[in-house]
Amino acid sequence: FALLSVLLLASIRKSSRQVLASGIVLGLLTGTKYSGPFAVLLFLLFFRRNLRGIQFSKLVLGLLPLLLLGGFWYVRNTFLTGNPFYPADLSFLGLTLRGVVNNTITDWFPLKSIFFYPGGIRIFVSSLVSEYAVWLVFLGYFLLRLFVDQEGGKASHLKDTLRISYLGIALSALYLLIPGWPKNMLSDLRYTLPGVSLLILGFFVYFSAKKSSLPLYATVLSLLYSFPLLTHHPKVSLVTACAFLAIILIQKTDFFHTDK
């Protein structure tokens, strides 16, 4: 729902059908998880220019499914339990919303766990490596290149890539503020998947435009890393490694370069 929301808002044509589809998907995202409304706010902030000039009647057409599909669960919870975020047991700024006992979600969140839970930094780093492996290196290099280009005034043609990358960073940063127990940092990294997916998209767009082979290398390396996670198949890993080396050698030849 998050990625489909980005696709719809980025390509919105101010038609009634596009606005309605955007409202439906944003509503589904809002009602999926308690982090959904925050993601929707980010999307509307980042794509506010795309929404300018839309007639009020069309905006209502998009807002209705957003509020109905997204708000239904919170309204239902309020009527049934008095707590829109049930089963969460919330106590925030003097406001107490009773949920399931011992299901307090304001006690810990990843950013707090990193700095105040024993070994929090180590758990966070090992979780990142376990979840994203080689992509940490590729995305880190990509963001560094983007920063250098922007500082050097070479990013005028990268507006879309920059916007989608900034949105990916913002979505990923939501993970740090979403309530979760310290020992769940690895499993809670699933909340970063929409943001990291957008960063990977930016990575491919950026380096493909520069006719770089990095997207190809990143793809093969990530596949190589994932094979041992299924079952132990040394032969498959060996074949993949040989294929990777063969691709590097072919890239250095004129095999794919033909005269026009």
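Start by selecting alanine 133, which is buried at a relative accessible area of 14% (buried means under 20%, exposed over 50% and partly exposed in between, with a 1.4 Å probe and protein chains only). You will find alanine 133 in the loop between α7 (120-132) and α8; helices are DSSP runs of H or I with at least four residues, numbered from the N terminus. Its phi is near 45°, a positive value in a residue other than glycine.

A word on the model: it is predicted, with local features needing pLDDT of at least 70 and side-chain atom pairs counting only at pLDDT 80 or more, while totals for chains, interfaces and linings use all residues. Residues are numbered from 1 along each chain as its sequence is written, and side-chain values use heavy atoms, leaving out hydrogens and water.

Next, jump to lysine 211, in the loop between α11 (193-209) and α12 (214-230). Here phi is near 55°, again positive in a residue other than glycine, and lysine 211 is exposed at 76% relative accessibility.

Now color α8 (residues 135-151) and α9 (residues 159-177). Look for Phe142, Leu143, Leu146 and Gln150 of α8, which meet Thr161, Leu162, Ser165, Tyr166 and Ile169 of α9 (contact means heavy atoms within 4.5 Å).

Last stop: helix α2 (residues 16-32), with 17 residues. Select its buried residues, among them Val19, Val25, Leu26 and Leu29.

Terms used
Axes are lines fitted to C-alpha atoms, for helices over the stretch in contact, and angles run from 0 to 180 degrees between N-to-C directions. Helices (H or I, at least four residues) and strands (E, at least two) are DSSP runs, numbered from the N terminus. The expected span of a helix is 1.5 Å times one less than its number of residues.
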